Amino acid sequence: MSISYVDILNLPERSLLQKKLTKAFFLKNFDLSASEKKVLNNSIVQMEWLASLKPTNCNVPSVINDVATYEEVQIMICNVGTEKVDEVATNCFQLFQKHIPYNMLVIVENDTEFKLNVCEKRINQNDKTKRTIENQYTSGTISKLYKTELSETFLSALDFSKLDKTNLALLYRGYCNAIVQFNSASVTGVFNIRNSVRTQDDLVMLNQMEDLERDISKLTNQLKAEKQQNQKVTLNIAIHQKRKQIEDIKIKLTQI
């Protein structure tokens, strides 16, 4: 099923490129690892450079300093054909974000679903032409086949007209914040518009929840293998405590 990312993002017409990006572009311009070449050749079917937001076509000032540069924001689409988005998206995002130095909103899709990714990049102090990825933000999977209130609210938050256009750094931060809040809403059921400071707090809590879920999984496996009754009791208590911590975090995420 086809959807219009141009309509969803409501990008300025002058920023639209809608150019096909060839696999040869990556092979000729970047030193790809064997695993990256495998992703490019086996998982990716088609790539499109959808748009390039810059001061001359969107009237949003750039930000350039010694730490980071926001001269342009690129919008890229990566189609993975019949592959499951959840299984290949991370590697596709990594391929784009690692090798292309611009700040990018990358969309990985197949016929039925898609995910979005943004990341914060800093200037590599040893080589000013390179960028170091500091933080990545990836949305949950969104269906093309049916709409939900949460996904519609999230996509609405990506509308160019609703983003902070003080400068390109704050505009890009709007994409980051929206993705974090969508992931938070997937847990709480409520999509809240947050400022950047609160969004970072929410991100920390979401990461804490992921760590707790991993701990519970490990403890559950230990419990299945444990023979001693007293150890079973100890493990059950630990699992219960971590589940309680998750519930406490969920409550904090819903608080305004």
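Trainee: Which helix or strand gives the largest share of the lining of the largest pocket?

Mentor: That is H8, with six residues of the lining. Before we go on, this is a predicted model: local features need pLDDT of at least 70 and side-chain atom pairs count only at pLDDT 80 or more, while totals for chains, interfaces and linings use all residues. Residues are numbered from 1 along each chain as its sequence is written, and side-chain values use heavy atoms, with hydrogens and water left out.

Trainee: Thanks. What else supplies at least two residues of that lining?

Mentor: Helix H5 (85-99), strand E8 (131-138) and helix H7 (168-188) each do, as does helix H8 (196-225). Helices (H or I, at least four residues) and strands (E, at least two) are DSSP runs, numbered from the N terminus.

Trainee: How many residues line the largest pocket, and which lie nearest its centre?

Mentor: There are 16 lining residues, and Gln 136, Thr 138, Asn 183, Asn 207 and Glu 210 lie nearest the centre. On a 1 Å grid over the protein atoms alone, a pocket is an open set of points where a 1.4 Å probe fits, with protein on both sides within 12 Å along at least five of seven lines; lining residues have an atom within 4 Å of a point.

Trainee: And how much space lies in the largest pocket?

Mentor: About 370 Å³. Grid points are joined across faces, edges and corners, and the volume is the space filled by probe spheres set on the points.

Trainee: What classes of residue make up the lining?

Mentor: Seven are nonpolar, seven polar and two charged. Here Ala, Val, Leu, Ile, Met, Phe, Trp, Tyr, Cys and Pro count as nonpolar, Asp, Glu, Lys and Arg as charged, and the others, Gly among them, as polar.

Trainee: New topic: how many salt bridges does a search of the whole structure find?

Mentor: Eight, where a salt bridge is a side-chain nitrogen of Lys or Arg within 4 Å of a carboxyl oxygen of Asp or Glu,. One of them pairs Asp 86 with Lys 115, with the closest N and O atoms 3.3 Å apart. Asp 86 lies in helix H5 and Lys 115 in strand E7, so this pair ties together parts that are 29 residues apart in sequence.

Trainee: Is Lys 115 buried or exposed?

Mentor: Lys 115 is buried, at 12% relative accessible area, whereas Asp 86 is partly exposed at 49%. Buried means under 20%, exposed over 50%, and partly exposed in between (1.4 Å probe, protein chains only).

Trainee: Which residue meets Arg 173 in a salt bridge?

Mentor: Glu 120 does, at 1.7 Å from N to O. Glu 120 is in strand E7 and Arg 173 in helix H7, 53 residues apart. Glu 120 counts as buried at 7% relative accessibility, and Arg 173 is buried too, at 15%.

Trainee: One more: what does the side chain of Glu 109 make polar contacts with?

Mentor: Glu 109, in strand E6, makes one with the side chain of Tyr 5 at 2.7 Å and another with the side chain of Asn 79 at 3.1 Å. A polar contact is a pair of N or O atoms within 3.5 Å; within protein, one must be able to donate a hydrogen and the other to accept it, and residues adjacent in sequence count only if both atoms are side-chain atoms. Glu 109 is buried, with a relative accessible area of 12%.
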